[in-house]
Amino acid sequence: MGSIDLSLAWAAIICFAIFAYVVMDGFDLGVGILSPVLEPGKERDQAINSIAPFWDGNETWLVMGGGGLLAVFPLAYSIILPATYPLMIAMLLGLVFRGAAFEFRWRDPAHQPLWDLVITVGSTVAALAQGITIGAILQGIEVENNAYAGGWLDWLSPFSILTGIAVVIGYALLGATWLIRKTEGGCQRHAHRLAYWLGIATVLALVAVSAATPFLYTDYWHRWFEMPQVLWTAQVPLMVAICTGFFFWSLKRGHELLPFLMALALFLLGFIGLCISIYPNMVPPSISLWEAAAPRDSQLFLLVGAVFIIPVILGYTGWAYWVFRGKVGTEGYH
Amino acid sequence: MLEQLDAVFLARVQFAFTVSFHFVFPAFSIGLASYLMVLEGLWLKTGRGIYANLYRYWLKIFAVGFGMGVVSGVVLSYQFGTNWSAFSTKAGPIVGPLMGYEVITAFFLEAGFLGVMLFGISKVGKRLHFFATCMVALGTFVSAFWILSVNSWMQTPAGHEINAQGQFIVGSSWWDVIFNPSFPYRLVHTVTAAYLTTAFAVGGVGAWHLLRDRNNVGARKMFSMAMWMAVIVTPVQIIAGDLHGLNTLEHQPVKVLAMEGDYDPSPDGAELILFGLPDDEAAKVHYKVAIPKLGSLVLKHDPNAPLPGLTDYPREEWPPVAVVFWSFRIMVAIGFAMLALGVWSLIARRRQRLFESRPLHRAAVLMGPAGFVAVIAGWITTEVGRQPYTVYGLLRTAESASPLDAPAVATSLIAFIVVYSAVFGMGVYYLLRMMAQPPHRGETEPPNVPLHAAGITPASSIEAAWSKEGDTHGKH
């Protein structure tokens, strides 16, 4: 293993964990965000049922992202978290509220509307905080002597608000397309209509964020618009256009799985775009992923486990999804 | 007082608050997951519906407790970065990979199989479902393994070196880091505490329902099982605690002296202070009630062994003595009360009055929450006793905090207190409400209520699956 760049390998694994988180928790946060526009009673119960067996496992990827960062890029972890302090607190409190409300709404039918509201607020706050965090990282973090040196509201800017809203819209799209796949009848029709408008909104948000990003740093500008790498980077917007086309086509044709996959593809492309902008930094504009890395022994120690265990995790996670495959129905799983 | 309200102090309060809240739930889930595993195993083996009934009864409670453990645990994994970023930079290369292993070996296992455990019986069949239950139980144990390894390393650091940037890095081997000197003792003591916590909670619920209806089969079964646990496990725990204490004396003598309230050295054998009011300023315990020589007997297993005192160590190395002194006494007192209840139940059992003795049942109800109190008290003893260090002897708490201003930490602390009080207040309310439901009386089949909740699992198909299996087995 001597010749492998461990830091790069770990950056790839962390990226995978973050994207796995977005893929999985994104849709269940989205369902939470959409819950107030779903009809109370059957529609909403179906929607919450469709994520009940999964949300807990999905959220574990967030712990993996945070825990992994602490383990292998402790410097990045200890700069980004204080820099986004109010966001992290808001996200965590949102997730606490929401996770508890999942259990409570069934225990206490008399107060179900209240707990549904809590799920929505918690999901939206968590999604917004995650989105703003992405913007805050992208726009750069002030660092002195390997520690955060800015104020406690530095993350707040028009750009970070834009990325925040974009992620909320995008998660809502994932939620709507997930419901198309997992539900039937009125709930599915409702989700279908929502997916159309959310699809348009997501693409607009993606374009807005992409248009604003190159103006943050000249580095980003060069990365995206200079020859010859523009030949590579230009593939990203091209793929976005293709996926958008497929998304609306599949939605119109009544496909049930393809819209969800295309929505995920849009997220993946957005994520790749983000990585292209930032690489090789871990904390823009000053700390590279090698500078942020933990000592080699720490990286290697966890890597040995991760290489063997992550495929097993994916295996039984896949199995759990397979167990609860098919439509959720109005009563539950059949 | 006000000048003490700096960012570091507030961050400490915040961590203590969130970790104490969190710790209650895993302590309960570790024991409960194993209890559920035993119940389902017995059900599969004997085919008796009573075990299925009890399984379902406690599964609903487990779901709520586990959910709250998860959400409060996510908070902790990020709090190292938000409030303790200097600690994260310096100790991250050691504690990070261990916590990383916790995530990939334990969290995913629990969370991945939890869905199947809660909702999957009609989908996967009983054997695979039992497997899922076992995986969740295993996950809770593996999680305890790693987190206690991290915590023990912070108490008795070993196997590391310190590099040029002041970071802790692995030195001799990861083996020495993980199996640091206090880890085996702490693991046994804490996991046993989790089992006892659950046993007394289950026993308390069983006793509560026996007081109402002493013929309730489910209540009888859970009370009897819990009291066996009390009889067998409490003595084991007291021995484990004693060994843990000896280990702490070897590696963290100041902590033990604070627990004992020994300010002055005792060259001819230390007394054991039962009660008193420790006073750090005067360096003495006021109004103390003490037994001569017993302190040395307990700590050194020799009544005349000399013991140092806190005044042998620099003042700035002391933890806050009164907190540690009292939390330790609460833990020990509860431990002996548990032993007493266990012995009482054994006598009642011998006289065939286990299900008739109302004073015993009342005492068991009273002792129902005792495990939680003991666990928190023990946690405070060990954590406050580690002060003023985060990594014992090497990294001070004051040097571990994030570069944050006090108002930021104060605001988030208030937010945590408000949200936790609301959410976990409701959670405890729902838990108690579920526990107030009597277990299904009959011994034949699972009760006709949905497993998780209305709508989540089709009650009909689940009942069908459970009843069918109950029938085929019931005929053996």
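Here are some friendly notes on the predicted model above, point by point.

1. **Ground rules.** Because the model is predicted, local features need pLDDT of at least 70 and side-chain atom pairs count only at pLDDT 80 or more, while totals for chains, interfaces and linings use all residues. Residues are numbered from 1 along each chain as its sequence is written, chains are lettered from A in the order in which they are written, and side-chain values use heavy atoms, with hydrogens and water left out.

2. **Overall form of chain B.** Chain B has 15 helices and six strands (DSSP runs: H or I of at least four residues for helices, E of at least two for strands, numbered from the N terminus). Of the 476 residues in chain B, 60% are buried (under 20% relative accessible area; exposed is over 50%, partly exposed in between, with a 1.4 Å probe and protein chains only).

3. **The interface.** Chain B brings 76 residues to the contact and chain A brings 62 (contact means heavy atoms within 4.5 Å). Together they bury about 6,200 Å², 76% of it on carbon and sulfur atoms (accessible area, 1.4 Å probe, that two parts lose on being put together, summed over both). How many salt bridges run between chain B and chain A? The count is zero (a salt bridge is a side-chain nitrogen of Lys or Arg within 4 Å of a carboxyl oxygen of Asp or Glu).

4. **Who supplies the chain B side.** Several elements of chain B each give at least two residues to the side touching chain A, among them α2 (49-82) and α14 (406-436). The most comes from α3(B), with 24 residues.

5. **Salt bridges inside chain A.** R44(A) pairs with D116(A) at 3.2 Å between the closest N and O atoms. R44(A) lies in helix α2 and D116(A) in helix α6 of chain A, so the pair ties together parts 72 residues apart in sequence. Both R44(A) and D116(A) are buried. E59(A) and R98(A) also form a salt bridge, at 3.3 Å from N to O, and both of these residues are buried.

6. **One in chain B.** K288(B) and E271(B) form a salt bridge with closest N and O atoms 2.8 Å apart. K288(B) is partly exposed at 42% relative accessibility, and E271(B) is partly exposed at 28%.
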